[in-house]
Amino acid sequence: MSTRAGIIAVAVATLLLSGCTEDEGRPVAGSTEPTDPAMSTPAQQPSSSSPEAPKVNNPITNLEQFKQSPCDMVTDQQAKSLGFNPGEPSEDATYGPACDWHDDNFGYFGLTLLNNQPLGIAGIYRNQEQGRYGYFEPVDVAGYPGVYADAYDARKEGGCTLNVGVTDTQVVTVTALLNENEAEACDLALQAAEAAVKTMSEG
């Protein structure tokens, strides 16, 4: 396996690990333990969450259309402006509706609307309190609460993961992969996330 292929495999694996796991009967995003779908409980309003977690002031309510067509989260024109080709539905959408975008130089970013995450962005903060992340950096995403976070820190290898709360119970995970450049990968993740929330808010 080439170094490049290895980095892609790690990025995809950590995205899936950021999906959801059981924690006291509630699935939580960003854990390092895979979930048995048969053990998952239906999404419901959480009874408790991290007091540090920000609220989503302008929740995006029309999510169903993007769950049906996840590539619509970033338009072809937005992708082109970032230097990427039109999106293609992810072949592995185990953790929710997902779409992948590629450029002509092996660059990549992907978006996933996480399933079974009733805690929303608060689940990301809760997992941080439990020490589940290799990195954790809050960021504003066009007015929506975001956190750079993942179980494995692949930033020095050109990988970056950004989690964005689009409602208090829905997280969009953005994973970016570029040529061993931390700043560019995280900047790409942020630009892709900003494009997505803009499109979804207007949709």
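This is a predicted model: local features need pLDDT of at least 70, side-chain atom pairs count only at pLDDT 80 or more; totals for chains, interfaces and linings use all residues.
## Around strand β9

Strands β5 and β9 run antiparallel and are joined by six bridges.

The chain passes from β8 to β9 through a hairpin of two residues.

The two pairings can be set side by side:

Is β9 buried or exposed? Eight of its eight residues are buried, so the strand is largely enclosed by the rest of the structure. In a regular strand, side chains alternate between the two faces of the sheet. In β9 both faces are covered: Q170, V172, V174 and A176 are buried on one side, and V171, T173, T175 and L177 are buried on the other.

In soluble globular proteins, nonpolar side chains tend to be buried together. The largest nonpolar core here has 37 residues, and those touching the most other members are W101, F109, L111, L162, V164, V174 and M200. Elements giving two or more residues to this core include β5, β8, β9 and α5. The largest share, 10 residues, comes from α5. Apart from this core lies another, of nine residues, with A122, I124, Y125 and F136 among them.

Leaving aside residues up to four places away in sequence, V174 touches G110, L111, C160, T161, L162, A189, A192 and A193.

Finally, some empty space. Rolling a probe the size of a water molecule over the atoms shows where such space is left. The model holds two cavities of 30 Å³ or more. How much space lies in the second largest cavity? About 30 Å³. Its lining is made of V164, V166, V172, V174, A193, A196, V197 and M200. Two or more of the lining residues come from each of β8, β9 and α5, and α5 gives the largest share, with four residues. The lining divides into eight nonpolar residues, no polar and no charged. V164, V174 and M200 are in this lining, and they are also among the residues that touch the most other members of the largest core.

Notes: Residues are numbered from 1 along each chain as its sequence is written. Side-chain values use heavy atoms; hydrogens and water are left out. On a 1 Å grid over the protein atoms alone, a cavity is a set of points where a 1.4 Å probe fits but cannot get out, and a pocket is an open set with protein on both sides within 12 Å along at least five of seven lines; lining residues have an atom within 4 Å of a point. Grid points are joined across faces, edges and corners, and a volume is the space filled by probe spheres set on the points. Ala, Val, Leu, Ile, Met, Phe, Trp, Tyr, Cys and Pro count as nonpolar, Asp, Glu, Lys and Arg as charged, and the others, Gly among them, as polar. A nonpolar core is a set of buried Ala, Val, Leu, Ile, Met, Phe, Trp, Tyr and Cys residues joined through side-chain atoms within 4.5 Å. Buried means under 20% relative accessible area, exposed over 50%, partly exposed in between (1.4 Å probe, protein chains only). Contact means heavy atoms within 4.5 Å. Two strands pair if DSSP finds at least two bridges between them.
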